[in-house]
Amino acid sequence: MPVDSLATPVLPVPKPPRRAPFGDAASLLLRAAAPERRHVFIGVAWLVLAALLEAFGPLAGKYLIDNYLLPRNPQLPAIAALLAGALAAGMAASWLRYLQLSRLAGLAMRSVRRIRETVYGHVLRLPMSFFDRAITGQLVSRVTNDTEAVKTLYVQVLFVMLDSVIVLLGALAAMLWLDWRLMLIVATLVPVVVLVIVLYQGLSAPAVARTRELRSELNAQMAESINGMPVLQASNAAGRFNRRFADLNEAHYQARHSALRANAWLLRPVLDFMNVLLTAIVIWVFGSRGQGAALSALEVGVLYAFINYIGRVVEPLTQITMQFSQLQQAMVSAARVNVLLKEAEAPLAADRGEVTAGGIAIDHLDFEYLPGRRVLHDIDLKIAPGSFYGIVGHTGSGKSTLLSLLLRFYPARPGAIRLDGTPVEAIAEGHFRARVGLVPQEPFLLAASARENIAMGRPLDQQQIETAARAAHAHDFIVALEQGYDTPLGEGGARLSVGQKQLLAIARALAGQPRILFLDEATSHIDSETEQVVQRALAALRGQVTIVAIAHRLSTVREADRIVVLNQGRIAEAGRHGELMQIDNGLYQRLYLLQQLEGDDDAAEVAE
Ligand SMILES: Nc1ncnc2c1ncn2[C@@H]1O[C@H](COP(=O)(O)OP(=O)(O)OP(=O)(O)O)[C@@H](O)[C@H]1O
């Protein structure tokens, strides 16, 4: 990682959307919950039943007051039956609510699991060009934090809201039946709540979106710092990073605070005030109807039921408004997840041919990462099956780019790359990856055993693993480890030397029995002695596997059948080592002599 990028004081903070797109969130949720339609219907049916049973309580109270208490009509069996009925209805409602909650919570959790798997699977299928733009920490934040926030949408928000709406409708229906004029007064709460929500949405949406963005920036900085820790500490950048993190954290706090302020002002207080106001209005209406006289028996029962129902209207409305802030956050997260899901995946390869012998043909290949900035020009190469090709050139000459195209990480266009006569994009993915092996510059090792690192999840037996390790000259050092092939290698293979890691990476590539093996500067980090081991391993494969090695260190490819020298994206020279050394003042000759000089200097330094 370049030190400059570490020292950059400001991270770009993308502009948050003005409004959280509800359609995006809804479509994501519906898609994820689609396989569970049956659970949704049953859960909702139970909710409706529970709300109906709960609405029965105040009606039973009204009946008790009207028929037994006020007329002083102590029919104990009837009163007991009424109370028992109300009690049973209440218990049944609670039981049903518990059942629906566990059913719907399970559904929510499964749906979120589905979303997370979909997002991760999608990320795995994205084209390499996406990862040129992506920032690891932000991406991780989408797959973990954002999908977690979407869970809130299901578990708390949707079900609490659904429940609240059903209870609200039940209470309004019961009031309508008791006294439609009073019901209309109480129902004025509904437009007030809609107004509060619209106001809240307008005030808090930008703050919530910004909070999410900033949180993922925080993750990104954390991930970047951990990855670049040696450079960060060596360049004394800890203080600068700390300040940058603190600035981001402060911006996050401010954004969160302004969302919470809108929350505190608008949500609960408005509803609490309306509750008191409406109860006062209903009592006043009853009072003015009686015009000072005592309320009739009928009215006392209705008043009791009404005051009871006002609570049942206010509570769900309060719940709905309170949940709205979480809904807001979840919608922003869902929208972010959706943006990621809309990224086009790498096109699926057709299945029109196979890699058999391992011949490679590159025809008039041009390539540019960014429009108008061509990095490869008219590359034309024929590599016979089983041969060993070296690709060399100055930094930035296009070696890695050519390898990326050979590995199908980017579409090879205009021009074409064919393997055994079939265009690379027309070979089925599984077959292609099995037949084409890669030994990268940085051997990526898992925190697992040597065996698992070679197998990489493929169903390989001990025999196959050992054969590959022997071919890569890795067997001897593996069996010398205290548990042999089962020795845990530590994070990133910390237990091994760089050269041993590289040999293990070669064993891994060979274990798949590839027909073609690409080496991406596989010898740049190892000493000359280990390089010779790698060279012997490669020499043993000659004739069986086509090898294309990109090399900074020319000694690695000295024995190649053909060495291709790239210069500014074009093939400048090609031939055997001896032939290239004959070209007076040629690029290869100059590179070679320069490296020899450096080698002599190193040797002299060691001798001193
Ligand atoms: N992902 C990318 N997006 C845009 N430009 C890129 C990308 N990768 C490489 N380039 C550009 O393409 C050109 C060739 O780079 P490439 O990495 O292929 O060179 P190289 O010969 O492998 O260099 P090195 O020996 O330093 O690894 C360079 O100018 C580089 O800036």
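Predicted model: local features only at pLDDT ≥ 70, side-chain atom pairs only at ≥ 80, totals over all residues.

Modeller: Helix α3 covers residues 37-69 and helix α4 covers residues 76-124, and their axes come within 8 Å, crossing at roughly 160°. Anything over 145 degrees counts as roughly antiparallel, so α3 and α4 are roughly antiparallel to each other. Their crossing is left-handed. As for what sits in that contact, it has 23 nonpolar residues, along with six polar and three charged ones.

For another pair, look at helix α16 (residues 462-471) and helix α18 (residues 498-511). Their axes also come within 8 Å, and here the crossing angle is roughly 130°. That makes α16 and α18 oblique to each other, and α16 passes α18 in a right-handed crossing. On the α16 side you'll find Q464, I465, A468, A469 and A471, which meet A507, L510 and A511 of α18. By class, the residues of this contact are seven nonpolar and one polar, with no charged ones.

While you're there, have a look at helix α13, residues 399-406. Six of its eight residues are buried, so α13 is largely enclosed by the rest of the structure. The buried ones are K399, T401, L402, L403, L405 and L406. Then, just after α13, check the backbone at R408: this residue takes a positive phi of about 70°.

Conventions:
Residues numbered from 1 in each chain as written. Axes fitted to C-alpha atoms, helices over the stretch in contact; angles between N-to-C directions. Helix = DSSP H or I, 4+ residues; strand = E, 2+ residues; numbered from the N terminus. Parallel < 35°, antiparallel > 145°, perpendicular 65-115°, else oblique. Left-handed = near helix turned anticlockwise from the far one by under 90°. Contact = placed C-beta atoms within 7 Å. Nonpolar A, V, L, I, M, F, W, Y, C, P; charged D, E, K, R; others polar. Buried ≥ 20, exposed ≤ 12 C-beta atoms within 10 Å, placed from the backbone.
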